[in-house]
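Me: I would like to learn how to read the places where parts of a protein meet. Could we go through them one after another?

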Protein chains: 2
Amino acid sequence: MDQPIRIAIAGHGNLGRGVEAALAKNPDMQLVGLYTRRAPERITPLQAGTPVYAMGALHGHTDQIDVLILCGGSKTDLPQQGPALAALFNTVDSFDTHACIPEYFAAVDAPARAHGKTALISAGWDPGMFSVQRVMGEALLPDGATYTFWGKGLSQGHSDAIRRISGVAAGVQYTIPVPEAVEQVRSGTRPVLSTRQKHRRECFVVLQTGADPGTVRRAIVTMPHYFDEYDTQVHFITHEELRRDHSAMPHGGFVIRSGNTTPENGQVIEYGLTLDSNPEFTASVLVAYARAVYRLHQQGQYGAKTVLDVAPGLLSPHSPEHLRAHAL
Amino acid sequence: MDQPIRIAIAGHGNLGRGVEAALAKNPDMQLVGLYTRRAPERITPLQAGTPVYAMGALHGHTDQIDVLILCGGSKTDLPQQGPALAALFNTVDSFDTHACIPEYFAAVDAPARAHGKTALISAGWDPGMFSVQRVMGEALLPDGATYTFWGKGLSQGHSDAIRRISGVAAGVQYTIPVPEAVEQVRSGTRPVLSTRQKHRRECFVVLQTGADPGTVRRAIVTMPHYFDEYDTQVHFITHEELRRDHSAMPHGGFVIRSGNTTPENGQVIEYGLTLDSNPEFTASVLVAYARAVYRLHQQGQYGAKTVLDVAPGLLSPHSPEHLRAHAL
């Protein structure tokens with residue numbers, strides 16, 4: 001067997017822990033280090049024996065890591081780390097601020113090219129797997145419409161928004177596709193759907209002592225962008241109920257492309273994810289793309305890449321011959 | 001705008017006609033010729049003005065065609081045409097005899113490489129889109145199981161098998177996934193399913209005058225490989241009912257990958273197709289891959305390729321910049 005691909009993880013939150021778990025399922029890769037901004041001695045790696053370093057140690061380890069998986073957040077971590085680390089390492093990240101992707105791509109592309117590195121940005125499931133399906137669906141059925149539904153799942157951004165409201169002690173928000181809308185789209189009729197018609201929102205909120213439920217409810221359902229365009233339900237629960245019933249991070253959704261090849265023949269493509277753990281699945285995607293990044297770098301394909309640039313076969317541990325014989 | 005990609009079609013059955021329809025929806029491609037083994041004057045192209053030639057004329061047209069789409073059958077046409085034409089043209093085909101793909105790949109690869117051509121084999125939906133999903137699903141969830149269900153849809157091979165039975169004047173066969181099996185797989189329990197548990201078969205048969213229904217039914221349901229391992233229903237109908245109710249060619253199915261990222265967290269990926277017309281959808285896939293073949297050839301990537309070698313972005317008429325900004 002070939003030498004395993006040497007993988008390192010930068011950042012040890014939910015996503016970083018998911019990458020540790022995913023690497024344990026991929027024997028052609030080896031976790032050579034966890035890098036953290038916290039005190040390394042306070043980190044407990046999943047596998048005893050995994051070295052833990054301070055983030056600053058990365059600069060001295062450039063010849064020991066084949067691919068560095070960046071597990072920081074899109075808001076403040078990646079905009080700084082992505083470009084800086086792409087000058088030193090082949091990288092994979094899950095940058096997911098859709099509107100800023102072109103700018104982030106350019107910021108990562110320049111240092112990666114200048115230093116002969118390969119940096120795959122915005123992997124995960126949306127952006128990521130869903131992007132692949134959107135692009136393929138539109139290419140296969142150019143006369144058609146694409147619909148993306150999210151959920152049922154816990155939205156981190158919306159949960160954060162709730163928790164910033166005065167009177168809220170804790171809370172989570174679930175995004176839920178409206179079944180009637182999904183059925184209409186599946187039928188191939190290409191409906192025009194408003195934001196409200198596609199998804200609804202459900203919040204489970206723990207109030208601070210003395211806070212007024214009516215005031216908090218109003219503050220949530222009228223919040224611009226986050227809630228005002230949706231039908232939103234607010235449930236008040238206890239800290240204990242929150243811990244007991246809402247600690248998991250399920251998510252998912254589907255991409256549907258509906259189109260016509262001739263006026264009489266409609267065709268529907270649907271890709272769906274049902275995820276018990278959003279961060280663990282995202283981590284699994286990052287790990288598969290780390291394998292592809294390693295191979296692209298070996299081929300001399302430097303610079304920033306996205307999931308749209310990666311052939312499916314590059315994600316697999318198996319050889320092209322094996323895949324043609326067994327999976328095609 | 002760039003010059004359109006010059007596409008030609010070899011073979012004018014259901015698939016060739018589907019390619020004509022698909023090309024009409026892709027303005028970056030131009031249909032420059034239909035090549036047929038029948039008398040060209042008996043072919044009516046979809047767009048008046050499309051030149052129709054005898055198959056033998058292809059040899060003189062090598063500098064007029066960017067990509068030739070082979071629309072012959074996998075049994076006798078492609079094994080001969082694929083290797084021969086890959087020496088002269090960039091090609092795309094839908095070779096779908098799964099067990100023979102490695103051999104066919106090798107037979108096409110050698111002449112394509114020797115003559116600097118790019119030949120994509122086995123496009124369509126299975127092999128094709130389903131293969132992409134199988135490979136990606138296994139790479140994302142290595143600890144898991146993959147299930148492919150076909151239908152509800154009309155199976156050409158099984159319909160042909162029925163029609164060869166003595167006493168049968170005409171008939172069609174539908175492959176139907178068993179709903180209980182699908183639900184079990186979707187639930188993430190990774191069931192072990194027998195052939196009989198996954199699909200059932202339904203036949204609509206027109207008897208020849210004087211044929212005995214019981215004898216024909218027994219001959220169908222006991223036919224080795226085709227029917228003996230399935231629960232099969234046989235309905236006897238008239239020629240008129242067959243024409244009225246069973247002339248369409250719907251098909252579809254789904255690929256489900258179910259796996260665990262940790263013992264407590266299961267993840268399910270599902271890709272499904274609901275197709276009013278099997279040949280028209282297959283044709284749409286061939287056309288999107290023709291665009292990719294044109295680009296791979298421009299990049300100097302010669303030889304045989306499969307859908308597993310093609311990055312999603314290469315299928316799209318849009319630029320990488322456009323896709324990053326709008327579809328990622």
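Me: How many residue pairs are in polar contact between chain A and chain B?

Reply: Please keep in mind that this is a predicted model. Between chain A and chain B the count is 27 residue pairs in polar contact, with both residues at pLDDT 80 or more. On the side of chain A that touches chain B, the elements giving two or more residues include helix H3 (101–114), helix H4 (129–140), strand E12 (251–262) and helix H10 (278–298) of chain A. E13(A) gives the most to that side, with 11 residues, and by class the side has 32 nonpolar, 19 polar and 10 charged residues.

Me: How many residues does the contact take from chain A and from chain B, and what area do chain A and chain B bury between them?

Reply: The contact takes 61 residues from chain A and 61 residues from chain B. Together the two chains bury about 5,200 Å², and 63% of this lies on carbon and sulfur atoms. In chain A, the residues that lose the most area to chain B are Leu140(A), Arg324(A) and Leu328(A), which together make up 15% of what that side buries.

Me: Which strand of chain B is joined to E13(A)?

Reply: E13(A) is joined by 9 bridges to strand E13 (residues 265–275) of chain B, and the two strands run antiparallel. Within this pairing you can look for Glu270(A), which stands opposite Gly272(B) in E13(B).

Me: How many salt bridges are counted between chain A and chain B?

Reply: The general idea is that side chains of opposite charge can pair when their charged atoms come close. Between chain A and chain B the count is 2 salt bridges, and one of the salt bridges to look at is where the side chains of Asp143(A) and Lys25(B) meet, at 2.7 Å from N to O.

Me: Let us turn to chain A by itself. Which domains does the domain assignment give for chain A?

Reply: The assignment gives domain 1 (5–126 + 279–327) and domain 2 (129–277), so domain 1 is written as two stretches of chain A. Taken over C-alpha atoms, the centres of the two domains are separated by 28 Å. Their contact takes 12 residues from domain 1 of chain A and 14 residues from domain 2 of chain A.

Me: What area do domain 1 of chain A and domain 2 of chain A bury between them?

Reply: These domains bury about 1,100 Å² between them, with 67% of it on carbon and sulfur atoms. In domain 1 of chain A, Trp125(A), Asp126(A) and Phe281(A) lose the most area to domain 2 of chain A, together 52% of what that side buries.

Me: Which side chains meet in a salt bridge at 2.8 Å, N to O?

Reply: The side chains of Asp126(A) and Arg134(A) meet in a salt bridge at that distance, and the count between domain 1 of chain A and domain 2 of chain A is 1 salt bridge. H10(A) provides the largest share of the side of domain 1 of chain A that touches domain 2 of chain A, namely 5 residues, while the residues of that side divide into 7 nonpolar, 3 polar and 2 charged.

Me: How many salt bridges does the structure hold over all chains?

Reply: Over all chains the structure holds 28 salt bridges. Among them is the one in which the side chains of Arg6(A) and Asp66(A) meet, at 3.0 Å from N to O. This pair links distant parts of the chain, 60 residues apart, with Arg6(A) in strand E1 (residues 5–10) of chain A and Asp66(A) in the loop between strand E3 (52–54) and strand E4 (67–70) of chain A.

Note on methods: Residues numbered from 1 in each chain as written. Chains lettered and ligands numbered in written order. Predicted model: local features only at pLDDT ≥ 70, side-chain atom pairs only at ≥ 80, totals over all residues. Heavy atoms only, no water. Contact = heavy atoms within 4.5 Å. Buried area = accessible area lost by both parts, 1.4 Å probe. Salt bridge = Lys/Arg side-chain N within 4 Å of Asp/Glu carboxyl O. Polar contact = N/O pair within 3.5 Å; in protein donor to acceptor, adjacent residues only side chain to side chain. Helix = DSSP H or I, 4+ residues; strand = E, 2+ residues; numbered from the N terminus. Nonpolar A, V, L, I, M, F, W, Y, C, P; charged D, E, K, R; others polar. Pairing = 2+ DSSP bridges.
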